[in-house]
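Please look through the sequence and the model before reading on.

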Amino acid sequence: MPEKLLEVKGLKKYFKKGKKWLHAVDDVDFIVNKGETLGLVGESGCGKSTAGRAILRLVEPTDGEVLFNGQDVVKFNKKELKQFRQSASIVFQDPFASLNPRMTVSQIIEEPLIINKTYNNKQDRLKRVYEMMSTVGLAQRLENTYPHELDGGRRQRIGVARALALNPQFIVLDEPVSALDVSIQAQILNLMDELQKELGLTYVFVSHDLSVIKHVSTNIAVMYLGKIVELSDYASVFTKPLHPYTQALLSAIPVPSLDVRRERILLEGDVPSPIDPPPGCRFYGRCFKREDICKDVDPEFKEISPGRFCACHLVNPE
């Protein structure tokens, strides 16, 4: 029986824009079991990165619960939050912008150890730094190198080493390979997979690339305009997608074969504004299967079959 590590209930994050509110994340629910990976996928601006940061309280949630090992992170005081940050970490999207250009490789990896006073002396901290560099495939000779002297793949390895320095249980991977070349992407993805198996890590992997999500995820949550519209195991999403938006996303994945032709679903219209979004289904204006009920009634996010959830009036429980 899988052991639950993270449970998100009714998570919301709104940003004040003048007199109105931008609904970046709106009533999101999901569970991540220990040692598994939840792939959070959707178009740019759908709220997936904000959801990942809200889980870690890098941005303060507007409402909802984030239960980590049964404790609500949203209610943590300053001391409890600091302890939580030793168990949960993040790897950012841009491996250059997320690293201090005035610090060397060893200083960047050592920083969380200093802040959390994990080791009593410099020698022990450096031993841990070298251990982390070895774990992520960075040569020790690079310890006094600055980020601008390295390529994107090595920079991202520094970010991974920093995230692992405090031996966390859980990591949010915020589009960790989108800024890298394809060959380097494969190296980083393989590294994250190896680390997960060796260290028993649990991931929330944020990406807009379904072909990447397919190879790293245990379960996949599809987001559209701040809401999760489909949640299922990765195999079911790719073989039998339920929500029209998921079907459209999958149709856009290139097929590397001249013999296989996939019918492309072209979405019409524009994405609605997340500032005071319209009533009813947020995908209504672009949906190729829409009906009258979709315009006025917001579909319930419900279990369609064991382990499969969808928010669509046209999909009924089996």
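Leaving aside neighbours within four places in sequence, which residues is Ser106 in contact with? With contact meaning heavy atoms within 4.5 Å, the residues are Val129, Glu143 and Asn144.

The model is a predicted one, in which local features need pLDDT of at least 70 and side-chain atom pairs count only at pLDDT 80 or more, while totals for chains, interfaces and linings use all residues. Residues are numbered from 1 along each chain as its sequence is written, and side-chain values use heavy atoms, with hydrogens and water left out.

## The chain as a whole

The chain contains 10 helices and 12 strands; helices (H or I, at least four residues) and strands (E, at least two) are DSSP runs, numbered from the N terminus. Along the principal axes, the C-alpha atoms fill a box of roughly 70 × 55 × 45 Å.

Of the 318 residues, 51% are buried. Buried means under 20% relative accessible area, exposed means over 50%, and partly exposed lies in between (1.4 Å probe, protein chains only). Among contacts between residues at least 6 apart in sequence, 64% join residues at least 24 apart. The chain exposes about 16,300 Å², of which carbon and sulfur atoms supply 48%; these areas come from the Shrake-Rupley method with a 1.4 Å probe, and for residues only the protein chains shown count as cover.

## Helix α3 and its surroundings

Helix α3 spans residues 105-115, and its buried residues are Val105, Ser106, Ile108, Ile109, Glu110, Pro112 and Leu113. An α-helix has 3.6 residues a turn, so residues three or four places apart point the same way. The buried residues of α3 pack against α4 (122-135) and α5 (152-164). Ser106 itself has 6% relative accessibility and therefore counts as buried.

After α3 comes Lys117, whose phi is positive, near 50 degrees. Lys117 lies in the loop between α3 and α4, and is exposed because its relative accessible area is 69%. Its C-alpha atom is separated by 26 Å from that of Gly52, which is 65 residues away along the chain.

## Other loop residues with positive phi

Positive phi values also occur in Arg57, near 60 degrees, and in Asp276, near 50 degrees. Arg57 is in the loop between α1 (48-55) and β4 (63-68), whereas Asp276 is in the loop between α9 (244-251) and α10 (292-296). The table sets out the accessibility of these two residues.

| Residue | Relative accessibility | Class |
|---|---|---|
| Arg57 | 12% | Arg57 buried |
| Asp276 | 45% | Asp276 partly exposed |

## Cysteines

A search of the whole structure finds zero disulfides, a disulfide being a pair of cysteine sulfur atoms within 2.5 Å. For Cys294, the nearest cysteine sulfur is that of Cys281, 6.0 Å away. Cys294 counts as buried, at 7% relative accessibility. The sulfur of Cys312 is 5.3 Å from the closest cysteine sulfur, in Cys310, and this is too far for a bond. Cys312 also counts as buried, because its relative accessibility is 9%.
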